[in-house]
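Here's a model worth a look.

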Amino acid sequence: MTKITSDKLIVGPWVARKVFGTFHPETSEAIGLERHGEVVAGVIYENWNGASLVVHIAVQGLLTPSYLAAIYHYPFVVVGAGKLIAPIGEGNAESIRFVTKLGFKQE
């Protein structure tokens, strides 16, 4: 069974471990994808400045169309962001390729 979860206290730490970062639940949100009760994908949204959000993305496996819709609906429709920023090290070709497929552009 696959389901989308907005339990940021589960999803946020999972993503943070995968991207070697931190999660601040008091100032961030997170949306995850669960398969058989386990998180397999997640996005942390942070640093809302009135125009953009910074996102950290971690994925293990395939994403569903409904999950993709949810992770774009939240920042653009619910929050009203005009831009998402996904910081990735320039040497991380796999992550750059992945976010490019998601529609991000390198700046």
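What follows is a short tour from the overall fold down to single residues.

## Ground rules

This is a predicted model, so local features need pLDDT of at least 70 and side-chain atom pairs count only at pLDDT 80 or more, while totals for chains, interfaces and linings use all residues. Residues are numbered from 1 along each chain as its sequence is written, and side-chain values use heavy atoms, with hydrogens and water left out.

## The overall fold

The protein chain has 3 helices and 5 strands, and in sequence order they run β-α-β-β-β-α-β-α. Helices (H or I, at least four residues) and strands (E, at least two) are DSSP runs, numbered from the N terminus.

On size, a compact globule of 107 residues would have a radius of gyration near 13 Å, and the protein chain agrees, with 13 Å. That radius is taken over C-alpha atoms, and the globule rule is 2.2 Å times the number of residues to the power 0.38. The C-alpha atoms fill a box of roughly 35 × 30 × 25 Å along the principal axes.

Of the 107 residues, 34% count as buried; buried means under 20% relative accessible area, exposed over 50%, partly exposed in between (1.4 Å probe, protein chains only). Among contacts (heavy atoms within 4.5 Å) between residues at least 6 apart in sequence, 55% join residues at least 24 apart.

In soluble globular proteins, nonpolar side chains tend to be buried together. A nonpolar core here is a set of buried Ala, Val, Leu, Ile, Met, Phe, Trp, Tyr and Cys residues joined through side-chain atoms within 4.5 Å. Which members of the largest core touch the most other members? Out of its 15 residues, they are Val43, Tyr45, Val55, Tyr67, Ile71 and Phe104. S2, S3, S4 and H2 each give two or more residues to this core, with the largest share, 4 residues, coming from S3.

Take Ile71: leaving aside neighbours within four places in sequence, Ile71 is in contact with Ile31, Val43 and Tyr45. There is also a second, separate core of 9 residues, including Trp14, Ala30, Val39 and Ile44.

Trp14 also shows up in helix H1 (residues 8-18), where Val11, Gly12, Trp14, Val15 and Ala16 are buried. The buried residues of H1 pack against strand S1 (2-5), S2, S3 and S4.

How many cavities of 30 Å³ or more does the model have? The count comes to 1, and about 60 Å³ of space lies in the largest cavity. On a 1 Å grid over the protein atoms alone, a cavity is a set of points where a 1.4 Å probe fits but cannot get out, and lining residues have an atom within 4 Å of a point. Grid points are joined across faces, edges and corners, and the volume is the space filled by probe spheres set on the points.

The lining is made up of Val43, Tyr45, Val55, Ile57, Ile71, Tyr72, Leu84, Leu102 and Phe104. Strand S3 (38-46), strand S4 (52-59) and helix H2 (65-79) each give two or more residues to that lining. By class, the lining has 9 nonpolar residues, no polar and no charged.

Glu34 sits in strand S2 (residues 29-35). Is Glu34 buried or exposed? Glu34 counts as buried because its relative accessibility is 11%. Not counting residues up to four places away in sequence, Glu34 touches Met1, Thr2, Lys3, Thr5 and Val39.

Ser28 is in the loop between H1 and S2 and counts as buried, at 2% relative accessibility. With residues up to four places away left out, Ser28 touches Lys8, Phe23, Ile44, Tyr45 and Glu46.

## Positive phi in the loops

Most residues other than glycine have a negative phi. Phe20, in the loop between H1 and S2, has a positive phi near 55 degrees, and at 79% relative accessibility Phe20 counts as exposed. His36 has a positive phi of about 50 degrees although it is not a glycine. His36 is found in the loop between S2 and S3 and is exposed, with a relative accessible area of 67%.

Key:
1 Å grid on protein atoms, 1.4 Å probe; cavity = no way out; pocket = protein on both sides within 12 Å on 5 of 7 lines; lining within 4 Å. Nonpolar A, V, L, I, M, F, W, Y, C, P; charged D, E, K, R; others polar.
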